[in-house]
Amino acid sequence: MEKNQLIKILEDWNFWTKDINVGIKRLSYLKRLKDLADLRQVLLITGPRRAGKSFIMRQFAQELISGGVDRREILIVNFEDPRFIKRDTVLLQEIFDAYLENFAPKGKPYIFLDEIQEVAQWEKWVYTMRELDKAHLIISGSNAKLLGKELATLLTGRHLDMEVFPLDFREFLDFNNLKAKEISDFDQAEDKIKSLLRSYLEFGGFPEVTLSDKKKEILISYFEDILEKDLIKRYKIRKLEKTKEMLRFYLSNVSCPVSFSPLGRNLGISTATVEKFSSYFQTAYSLFFLKRFSFKVKEQDRSQRKIYAVDTGLANMVGFRFSENVGKLAENIVFLHLKKQQAINPFLEIYYWKDEKQKEVDFMVKERNQIKQLIQVCWDIVNFTTAKRETSALLLASQKLKCDDLLVLTNEIEKEEKVKGKNIKFIPLWKWLLLKS
């Protein structure tokens with residue numbers, strides 16, 4: 001492409017001559033980005049489509065400018081811009097050359113490459129730039145394993161990762177203009193928070209959805225984008241209807257265990273195809289599969305895995321009836337909250353636990369070699385039978401796993417009970433989400 005044409009496209013995405021929209025700041029991610037940037041490695045930002053990666057990159061660029069970096073020493077490239085025709089390493093070099101010719105940065109520039117998976121063989125260009133130390137590189141993409149695999153082959157030990165998720169509940173409150181610093185402040189607004197939690201469970205935490213009045217329409221379009229751009233196009237899938245049917249099945253059964261063989265029989269496809277497509281869904285950040293804990297690795301691999309959606313709004317739009325499935329959605333929210341903590345702490349492991357008599361604990365949190373906490377999510381704890389089932393499973397797991405930190409997350413109940421010599425804490429979900437963020 002001609003240099004003048006490239007610069008004209010790039011001006012729309014950069015701070016060179018104007019301020020650009022950076023949205024509502026996501027402070028925890030900005031802090032982590034700053035900490036990682038100080039280590040002088042290639043920064044790789046991954047996460048689901050529309051989770052806010054592009055805005056976080058712009059926010060970080062704005063922070064750099066506020067900190068004294070010349071705005072002309074920052075280059076932002078959005079590779080989803082349809083005006084870029086052929087996306088390859090030639091285009092990358094043409095963009096960089098046009099930028100250098102027009103702005104001649106005095107220092108080492110910061111280059112933000114957004115949705116880099118759209119560019120063929122991008123990792124070779126990034127490797128060369130990194131080895132020649134020509135720029136600070138911050139890149140983003142919506143495909144976790146492929147990006148990591150592509151970079152790992154060339155940049156072993158020379159890149160740092162940060163995962164971005166849809167809004168956590170504290171961020172969701174910020175986006176809804178409910179701000180407070182201490183949990184005691186939130187206690188004063190409990191009714192408002194509970195109302196917002198219900199909206200969070202129903203429509204999820206994608207930033208654009210949170211701020212829009214057309215939540216359902218946007219979520220449906222996201223589902224189609226995941227299918228078309230992140231799955232069918234990326235993996236050249238020919239079984240379009242089967243792929244769509246499988247993804248709908250998973251999103252309609254969040255917080256439930258699944259076995260690949262029966263699912264394959266129901267869909268009329270092989271178990272191997274189910275496994276392959278399921279890995280695609282996880283790599284594209286549409287779903288997560290949680291393993292059952294066992295001290296035996298083979299037993300872990302053979303056991304059913306529980307399904308969780310990257311966003312409860314997607315699950316509701318595709319196949320859930322919200323009023324009938326609040327408990328499952330609450331469990332999904334807890335998983336996502338734990339998953340975000342795991343992204344920050346690489347030593348954190350998450351499992352579910354089930355014994356041979358089918359007693360089950362929703363989450364087992366392990367750090368290094370120590371089992372730290374057992375968590376049950378029970379929306380309707382007022383029901384005596386439900387309460388007895390949930391607490392008995394916790395007590396059994398506590399005994400077998402030698403873990404005494406026992407927690408039940410509820411709709412409203414907050415108390416602490418001593419049962420058979422064990423202390424069990426009951427905490428409302430909204431409060432736990434805010435305490436742990």
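A residue is called buried at under 20% relative accessible area, exposed at over 50%, and partly exposed in between (1.4 Å probe, protein chains only). The structure is a predicted model, in which local features need pLDDT of at least 70, side-chain atom pairs count only at pLDDT 80 or more, and totals for chains, interfaces and linings use all residues. Residues are numbered from 1 along each chain as its sequence is written, and side-chain values use heavy atoms, with hydrogens and water left out.

The cysteines were examined for pairing. A disulfide is taken as a pair of cysteine sulfur atoms within 2.5 Å. The structure holds 0 disulfides. Cys 256 is in none, and its nearest cysteine sulfur, that of Cys 378, is 15 Å away. Cys 256 is buried, at 14% relative accessibility. Cys 403 is likewise in no disulfide; here the nearest cysteine sulfur, again that of Cys 378, lies 19 Å away. The relative accessible area of Cys 403 is 2%, so this residue counts as buried.

Nonpolar packing was considered next. In soluble globular proteins, nonpolar side chains tend to be buried together. A nonpolar core is defined as a set of buried Ala, Val, Leu, Ile, Met, Phe, Trp, Tyr and Cys residues joined through side-chain atoms within 4.5 Å. The largest such core has 100 residues. Phe 112, Phe 169, Leu 231, Tyr 250, Phe 363 and Trp 432 have the most contacts inside it. A second, separate core has 29 residues, including Ile 7, Leu 75, Tyr 99 and Val 119.

Contact means heavy atoms within 4.5 Å. Helices (H or I, at least four residues) and strands (E, at least two) are DSSP runs, numbered from the N terminus. Beyond residues up to four places away in sequence, Phe 169 touches Ile 193, Leu 196, Leu 197 and Tyr 200, and also Trp 430, Leu 433 and Leu 434. Helix α9 spans residues 190-203. Its buried residues are Ile 193, Leu 196, Leu 197, Tyr 200, Leu 201 and Phe 203. Gly 204 follows α9 and has a positive phi, near 75 degrees.

Helix α2 (residues 27-37) has a buried side. Tyr 29, Leu 30, Leu 33, Leu 36 and Ala 37 are its buried residues. They lie on the same side of α2, because they cover an arc of only 130 degrees around the axis. The arc is that of the directions from the helix axis to the C-beta atoms. Leu 27 and Lys 31, on the other side of α2, are exposed. The cover over the buried residues includes β1 (42-46), α3 (53-66), β5 (159-163), α7 (169-175) and α17 (326-344).

Thr 391 lies in helix α18 (residues 384-401). This threonine is buried, at 13% relative accessible area. Leaving aside neighbours within four places in sequence, Thr 391 is in contact with Ile 424 and Phe 426.

Two loop residues have a positive phi. Tyr 285, although not a glycine, has a phi of about 65 degrees. It lies in the loop between α14 (271-283) and β7 (287-290). Tyr 285 is buried, with a relative accessible area of 2%. Gln 358, also not a glycine, has a positive phi of about 70 degrees. Its loop runs between β9 (348-354) and β10 (360-367). Gln 358 is exposed, at 52% relative accessibility.

Notes
The expected span of a helix is 1.5 Å times one less than its number of residues.
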